[in-house]
Amino acid sequence: MRKSVKPKLNFAAIGFAFFFLAFFAARAVRADTLDETRRRGFVVCGVNIGLAGFGLPDDRGAWRGFDIDYCRAVAAAIFDDPAKVTFIPLSAKDRFTALQSGEVDILSRNTTWTESREVGQGLLFTGINYFDGQGFMVRKSLGITSALRLNGASICAQQGTTTELNLADFFRSHGMKAESVVFASADEAIKAYDSGRCDAFTTDGSALYAQRLKLTHPEDHVVLKETISKEPFSPAVRQGDDRWFNLVKWTEFALLDAEELGVTSKSVEEMKTSSNPAIRRLLGVEGDFGAGLGLTPDWAARIVKAVGNYGEIFDRNLGKDSALKIPRGLNALWRDGGLHYAPPVR
């Protein structure tokens, strides 16, 4: 008769098993960002260290800008209070790590949506909120009117962005050469250009207008006509939390739909009496389109009342009512010759 043999327990394997179960359980708990945000009492938003028009503290230390208002819109949707946001300034190098680690709930920081960033870094971009493209700025005294005349020039740029690759691609495709002079931050790059270290400065077109304001004599510099890349800016969230992804995404769509329907921060309450079904659904008068997002029916009305529609946000921070005076261009609604178009709330 064979003796029964007691199986030997592999305590190391069991330990690893419990570790991984705990790890994934913790991830599952942390995955519901909306619940975590509600418990905390505010949204944590990763923003630019300081870029005029997009994200910059004013003289009193209050954050202002296009990306800032997007974060305030999310806070308004959740808490009915656009002030319930904490802003974490992030460099280009640190922005994705901060989102991946859970340091921030949303990255709203003039960031280009690319395949490698979304697929390779565990992010989800929630929708293009600004159509941009890389350009060049030069001194008027050089008499250069086209980037095609920059052969052999030295060009200041920032590290850790899509700028370096776009710059190399542009010159290579045109059989030209350039000396790329890169710096860790945008501030360092623009200071070097202002001091005469480089013949030209390159970054996203919107940032060229913002950085020009920092120059000793802004009026002595001109932005060239060429746009050498597609730079679709989008907020981003972590992968694995569909409800949070949908909430942030539909916050943006609500801003665009409100502009198209003529709903503004001043008219939102009055327009709740509209007979237009699209307006009534958007403002929560008919149906409950907030439930699937974990929000109240009037979530979109809260957003527009707090920060305005997309057009109001653009004009206030980047457009005609701002210091930058950037034309709407591609960022106009589709009906006005631009590219912006949002799915309807229905």
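Author: Buried means under 20% relative accessible area, exposed means over 50%, and partly exposed lies in between, with a 1.4 Å probe and protein chains only. Helices (H or I, at least four residues) and strands (E, at least two) are DSSP runs, numbered from the N terminus. In helix α8, which covers residues 205-212, the buried residues are Gly205, Ser206, Ala207, Leu208, Ala210 and Gln211. The helix is thus mostly covered, with six of its eight residues buried.

Reader: On what kind of model do these values rest?

Author: The model is predicted: local features need pLDDT of at least 70, side-chain atom pairs count only at pLDDT 80 or more, and totals for chains, interfaces and linings use all residues. Residues are numbered from 1 along each chain as its sequence is written, and side-chain values use heavy atoms, with hydrogens and water left out.

Reader: Against which elements do the buried residues of α8 pack?

Author: Contact means heavy atoms within 4.5 Å. The buried residues of α8 pack against the strands β7 (130-132), β8 (134-139), β11 (200-204), β12 (221-223) and β13 (231-233), and against the helix α7 (186-194).

Reader: How is the length of a helix checked, and what is found for α9?

Author: The expected span is 1.5 Å times one less than the number of residues. Helix α9 has 20 residues (242-261) and should span 28 Å; the distance between its end C-alpha atoms is 27 Å, which agrees. Because 14 of its 20 residues are buried, α9 is largely enclosed by the rest of the structure. After α9 comes Gly262, with a positive phi near 80°.

Reader: Where does a positive phi occur in a residue other than glycine?

Author: Most residues other than glycine have a negative phi. Lys325, with phi near 55°, has a positive value; Lys325 is placed in the segment after α12 (310-317). Asp80, also not a glycine, has a positive phi of about 60°. Asp80 sits in the loop between α3 (66-79) and β4 (85-90), and its relative accessibility of 49% is why it counts as partly exposed.

Reader: How should separation in sequence be set against separation in space?

Author: Ala278, in helix α10 (residues 277-282), is 66 residues from Pro344 in sequence and 7.7 Å from it in space, C-alpha to C-alpha. Val182, in strand β10 (residues 179-183), is 81 residues from Ser101 in sequence and 27 Å from it in space, C-alpha to C-alpha. With neighbours within four places in sequence left aside, Val182 is in contact with Ala157, Gln159 and Glu164.

Reader: Is Val182 buried or partly exposed?

Author: Val182 has 28% relative accessibility and therefore counts as partly exposed. Ala278 is likewise partly exposed, with a relative accessible area of 26%.

Reader: What can be said of the chain as a whole?

Author: The chain contains twelve helices and 14 strands, and its C-alpha trace spans about 95 × 65 × 40 Å along its principal axes. Of its 346 residues, 49% count as buried. Among contacts with a separation of 6 or more, 71% join residues 24 or more positions apart.

Reader: Which residues does the UniProt domain annotation cover?

Author: The unreviewed UniProt entry gives "domain: Solute-binding protein family 3/N-terminal" for residues 42-271; such annotations may be inferred rather than shown by experiment. That span is 32% helix and 23% strand, and its end C-alpha atoms lie 29 Å apart.
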